[in-house]
Amino acid sequence: MKFNKKGMSAEFLVGLIITLVAGGLLVWTAYDKLSKADDKQAEVICQESINFRAISALQINKNDRDKIDIIKAQIKSPVLCKTIDKKIQGSKEEIMDQMAKKMARCWWMFGEGRYDEILHSSKVHILPAVMGISNEPNKCFNCYNLLIDQDEIKDKDGNEVKSITTEEFMQYLWDTPYIKKVSDCEGTECVSCRTDNDCVSGALCKEEKCQIIASLNYIQYIQQYGGSGMMVTMMPDDIKPHQGYAISILPKTIEQESTNWFKVGGIAVAGTAALVCTIGTGGACFPLVLAIGKIGLGAAVIGTGYDIIQENSPPESPSIEESGATLDPGAKVSIETMFEERRYSSIYISDIQTGQRFCGSGDLAGE
Amino acid sequence: MTSQSWWKLAVEILLPLLALLLWAAWQSGGLEGIKEVALGAKEYLPDVEVGLDELSAERVALPVEIQKDVTSLKETLQKMAASNKINCFAKFDGFRSELGNDDSTISLSFVYDPSKELTRVSVNKEKSLRSDVFEVKGMKPCVIAGTGGNRNIAENFYNYFIDGKLQFEPYYKWVQMVNIYYRDKWNELGGNKIEILEFGAEPVNDEGNNFQSKGFLFKGREGEICFFPTIKGVLSGANDDGIAEEWFTNAEQNSISNRLARNEERMQWCWEETTKAEAIIPPAQEISIVFNSNEKYFFLFNREIDEWQYRPDGETLWILVSTSDSRLETRSEPLPGGVPLPDTLIEIIKTLPQLDESLGAKYLETQQQTADNI
């Protein structure tokens, strides 16, 4: 929903003021409740605050004009979200189900990719043409910290499986339906109807038009429900008991940072290898370079055969060349770069250390 | 007159009169300067919007041409896996156009799942946007490259299937995972690239533009379906990076495509029925003809036609056409033989759609030049 000054009437202005005041009161109330809320309440409060932020954001002189603007501002209501720490337990299938649901829930809470820069705070620039506009650093937020709180993982038949491979998890995300979506009325599907019998090819009669109702899996839900999205896995190992995982939202930015992941190539061998698994490789895990960096994490990967190199490796770590790898020197990508990727709003799942290092956690209330 | 009366006069008569005069001046243009300032001030008011722009999503779909190639690949792999034949060949439409550019690429990942004995193929539109996932039951990915038992695998394959020499093992290598995508300027060669992650830095993975096998695939003995990494260079045969790409075209007499077309020993398709589709025939003026008098084969080449072979085969005649831009291929029904070759060729060419008689004339001219050279 969006309003412009040109269409403003007194009636609208009064409505707007009432909405803002009511929203403000709600925010104030919710802010108070957030710290005491249980997980489900916290999710709903977060989603509502994002929705309210989206419809109430006041944008002054958003687009550059010929005239010199005195002020340029974007004023947003607070985000009332907090990182939810959750222990999960169950069979292999139940663990995958819970992780998948949390990824989808994180996407839902932050507007399903419908808004640019939804986490950016309010900005007011006086005489922007003279003073310039400062760029905020990229913002991302950990929706969940998940801990697999059990000693072993068993499948649904009770057999111990030790771990869940990333391939299995990726496959689960692709194979499992999550939500139904009514297709936009386009082309041949856009046929007038009165009952379902008037429609063919499985289409149903909705609003007097034949429309296809498609079932979307988890990956499709993130990629193409609401706004365009992307799902990224950055787990240096299989999913194992007693391990923690972060689920993070990285909203799209207007000035898009875009990592050319596939431009990065080459295979690295030897050295300290880390197992990296990504959706871009069908969820497969494979050992790739990793000089263990100061943060204790080596490379991860996404896409087809690409390496992420920890740029500030300590001196004792073998260099890429020393480790026997042949890499295109212009093709190194750091984990930092990956977390700046903003062509699409994205949901990242990573080990908890990586998630906490690169994205904010805690209570966003009031920010 | 009291002061109260003056006020009354001012309010009731003079002020309306003044307002009327101002209005008249405004309307008549007498206050144009003031009018401009007043109206112009509106432009300086801030532009205020409430609410954020809402973005929409699109279905993650491949470009039509690439989708067609992916569909062809999927069908070919599934058909190969279901075939009872071993040591046989098949061909899909190839990825003859680039899978990407400097900024992004479509990627395909083939990952073997031993627990289910199948290969899962993930197709990504760009970055990590997944377009499709399909499974090929019974398929184990393999490549004709690398080394095994101190022997060069592609050389073994080349020697046996192309050069007609003795067979040495191994001539293909089963691998866990294969990636195909576009890579720009890797070792100075930008183009479609095949990568076998378990090979490490080399072989294969240090090459660029190394997936130019024209859609040929090979099936091994136990469900392995192999890709052919290729290498550049004329007559370079094979090495641990793969087989030289000319052995997948008609440029070499004993290329895989020619040997298969001639049904030569050791060469067999994985199924008898070859891909049939409507051929797109380019305009006649773009075609030139090369007559190879020694082997009695006629090849028609231009930059857009990868293969167009006219071949006497006992009592039958075959035409094999594929074009680089259409990625379509057709093989004609066997034609009645027993007629003089040059005349037959001309007659056949004349019957093909979109070709005119000038091609026949050009053919005769070329033939005459060749005869003169001989």
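Among contacts in chain B between residues at least 6 apart in sequence, what percentage join residues at least 24 apart? The figure is 52%, with contact meaning heavy atoms within 4.5 Å.

This is a predicted model: local features need pLDDT of at least 70, side-chain atom pairs count only at pLDDT 80 or more, and totals for chains, interfaces and linings use all residues. Residues are numbered from 1 along each chain as its sequence is written, chains are lettered from A and ligands numbered from 1 in the order in which they are written, and side-chain values use heavy atoms, with hydrogens and water left out.

**Stop 1: chain A as a whole**

Of the 367 residues in chain A, 51% are buried, where buried means under 20% relative accessible area, exposed over 50%, and partly exposed in between (1.4 Å probe, protein chains only). For contacts in chain A with a separation of 6 or more, 74% are between residues 24 or more positions apart. The accessible surface is about 16,700 Å², and carbon and sulfur atoms account for 53% of it; areas come from the Shrake-Rupley method with a 1.4 Å probe, and for residues only the protein chains shown count as cover.

**Stop 2: the sheet of chain A**

Select E4, E6, E12, E15 and E11 of chain A. They form an open sheet in the order E4-E6-E12-E15-E11, with mixed pairing; two strands pair if DSSP finds at least two bridges between them. E4(A) and E11(A) (229-234) are the edge strands, each with a single partner strand, so one side of each has no neighbour in the sheet. From one strand to the next, the twist averages 15°.

Now zoom in on E12(A) and E15(A), which run antiparallel and are joined by six bridges. A:Leu250 stands opposite A:Ser346 of E15(A).

**Stop 3: the core and its helices**

Which residues have the most contacts inside the largest nonpolar core? They are A:Met99, A:Phe110, A:Phe169, A:Leu173, A:Ile249 and A:Ile347, in a core of 54 residues. A nonpolar core is a set of buried Ala, Val, Leu, Ile, Met, Phe, Trp, Tyr and Cys residues joined through side-chain atoms within 4.5 Å. Elements giving two or more residues to this core include H2 (39-56), H3 (92-109), H5 (166-175) and E15 (345-351) of chain A. H3(A) supplies the largest share, nine residues.

The contact is made by A:Glu43, A:Val44, A:Cys46, A:Gln47 and A:Ile50 of H2(A) and A:Lys102, A:Arg105, A:Trp108 and A:Met109 of H3(A). By class, this contact has five nonpolar, one polar and three charged residues; Ala, Val, Leu, Ile, Met, Phe, Trp, Tyr, Cys and Pro count as nonpolar, Asp, Glu, Lys and Arg as charged, and the others, Gly among them, as polar.

Then select H5(A), where seven of the ten residues are buried. Among them are A:Phe169, A:Met170, A:Leu173 and A:Trp174.

**Stop 4: chain B**

Switch to chain B, which has seven helices and 22 strands. Buried residues make up 52% of its 374 residues. Chain B exposes about 17,900 Å², with 53% supplied by carbon and sulfur atoms.

Select E2, E12, E13, E6 and E9 of chain B: these five strands form an open sheet in the order E2-E12-E13-E6-E9, with mixed pairing. At the edges stand E2(B) (88-91) and E9(B) (173-174), each with a single partner strand, so one side of each is left without a neighbour in the sheet. E6(B) (residues 140-143) and E13(B) (residues 224-227) run parallel and are joined by four bridges. The bridge partner of B:Pro141 in E13(B) is B:Ile225. H3(B) (residues 64-82) packs on this sheet, touching E2, E12 and E13 of chain B, and its direction makes about 20° with that of E12(B).

**Stop 5: B:Ile162**

Finish at B:Ile162 in helix H4(B) (residues 153-162). Is B:Ile162 buried or exposed? B:Ile162 counts as buried, because its relative accessibility is 2%. Leaving aside neighbours within four places in sequence, its contacts are B:Phe157, B:Ile243, B:Trp247, B:Asn254, B:Ile256 and B:Arg259. B:Arg266 lies 104 residues from B:Ile162 along the chain, and their C-alpha atoms are separated by 9.2 Å.

How values were computed:
Axes are lines fitted to C-alpha atoms, for helices over the stretch in contact, and angles run from 0 to 180 degrees between N-to-C directions.
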